[in-house]
Amino acid sequence: MTSAVILVVLVATLLTLIHLETTTAHAKNSAPAPTSTGRYGSGTLGPWQAHTKVISSAAQIRHVVATDGVVLFGDSIAVQDGDALGRLLARRAGTTFAEHSWSGEPTSAAVDAMAIWAQQFGLPHRIVMAVGSNDIFDPPAFTAQVDRALRIAGPSRTVYWVNVQVRRTDEPVAIQLADQRNSEWINLQLEQAAVRHPNLRIVHWAEYLAARPGRLRTDLRDGRHTTVPAGQDARNALILQGILDH
């Protein structure tokens, strides 16, 4: 699917959401607006370092590098879904798996972890980046982190990057629309980065959801995190297919 078609699909979805939410806003009282919606309308990223994390042991990381398996760097979605992805990769691709997933972290922190792993353990030839959802609070910072990740990976490794769909349903309509707009902004930056980096492969999670609007309800439980098992299975299957295709 070309970038132009992707953008048309996403824009069409956004326009539909705007129409639906405008109608809803007139029909009922909306929640009180927060004190600040930040520079880009989605608010600001708060402290995340104390949130839940899943980090493989040093022994497991070394085993995955030695067997040229798959490593994952992710946020809260990966904290929930990473273990299931590892089992799927073992069953369908016969590969080992290690992860560094941390709820709430922005892409910059995930790339920091990637740099540490590269220095301490090395990296296998397949790297999954499942981050970007927390970058809706500062979308312009995203491109530099994608480029940094690709520099760390180097041209001989393939980076599979899951694009994002965030529209937090527990937030007021204005913030939901900002979330959607910023998600598409992040995804556009990924598309542009793929032109610069031939070894960057995009896992089109946002397009999968947009293809059938009902999936926004069945596969997302809060406008961002996957439902289990439907959304988890669908997202992990897309990641697996991306790896198997390349």
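This is a predicted model: local features need pLDDT of at least 70, side-chain atom pairs count only at pLDDT 80 or more; totals for chains, interfaces and linings use all residues.

**Entry 1: starting from V71**

I began with V71, which lies in strand 2. Residues are numbered from 1 along each chain as its sequence is written, and side-chain values use heavy atoms, with hydrogens and water left out.

Is V71 buried or exposed? V71 is buried, at 1% relative accessibility; my scale calls under 20% relative accessible area buried, over 50% exposed and anything in between partly exposed (1.4 Å probe, protein chains only). Next I looked up the contacts of V71, meaning heavy atoms within 4.5 Å. Beyond its neighbours within four places in sequence, V71 is in contact with V64, A98, W117, L123, P124, R126, I127 and V128. I also noted 5.7 Å between the C-alpha atoms of V71 and F97, which are 26 residues apart along the chain.

**Entry 2: the sheet**

Then I traced the strands, counting two as paired if DSSP finds at least two bridges between them. I found an open sheet of 6 strands in the order 1-3-2-4-5-6, with mixed pairing. Strand 1 (53-55) and strand 6 (200-203) are at the edges; each has a single partner strand, so one side of each is left without a neighbour in the sheet. On average, neighbouring strands are turned by 20° against each other, direction ignored; here axes are lines fitted to C-alpha atoms, for helices over the stretch in contact, and angles run from 0 to 180 degrees between N-to-C directions.

I looked at one pairing in detail: strand 2 (residues 70-74) and strand 4 (residues 126-130) run parallel and are joined by 5 bridges. G74 has A130 as its bridge partner in strand 4.

Which helices did I find against these strands? Helix 3 (residues 76-93) lies across strand 1, strand 2 and strand 3 (97-102), at about 170° to strand 3. Helix 4 (residues 107-120) also packs on the sheet, touching strand 1, strand 2, strand 3, strand 4 and strand 5 (158-162), and its direction makes about 145° with that of strand 2.

**Entry 3: a loop residue**

I stopped at S133, in the loop between strand 4 and helix 5 (142-153). S133 is buried, with 5% relative accessibility. Apart from neighbours within four places in sequence, S133 has contacts with D75, I77, V164, V166 and R224.

**Entry 4: nonpolar cores**

I then collected nonpolar cores, each a set of buried Ala, Val, Leu, Ile, Met, Phe, Trp, Tyr and Cys residues joined through side-chain atoms within 4.5 Å. The largest has 32 residues, and F73, I127, M129 and W161 touch the most other members. At least two residues of this core come from each of helix 2 (58-66), strand 2, helix 4, strand 4, helix 5, strand 5, helix 6 and strand 6.

I listed the contacts of W161, again leaving out residues up to four places away in sequence: among them are M129, F142, L190 and I202. A second, separate core of 19 residues includes A78, L89, V203 and W205.

**Entry 5: salt bridges**

My rule was a side-chain nitrogen of Lys or Arg within 4 Å of a carboxyl oxygen of Asp or Glu. How many salt bridges does that give? The count comes to 6.

One of them joins the side chains of D147 and R196, at 2.9 Å, N to O. D147 is in helix 5 and R196 in helix 6 (residues 173-196), so this pair ties together parts 49 residues apart in sequence. D147 is buried at 16% relative accessible area, whereas R196 is partly exposed at 42%.

I also noted E171 with R168, at 3.8 Å, N to O. E171 is partly exposed, at 26% relative accessibility, and R168 is buried at 9%. R168, E171 and D179 are linked in a network of salt bridges.

**Entry 6: whole-chain totals**

Last, I wrote down the totals: the protein has 9 helices and 6 strands, and 53% of its 246 residues count as buried. Among contacts between residues at least 6 apart in sequence, 79% join residues at least 24 apart.

Methods: Helices (H or I, at least four residues) and strands (E, at least two) are DSSP runs, numbered from the N terminus.
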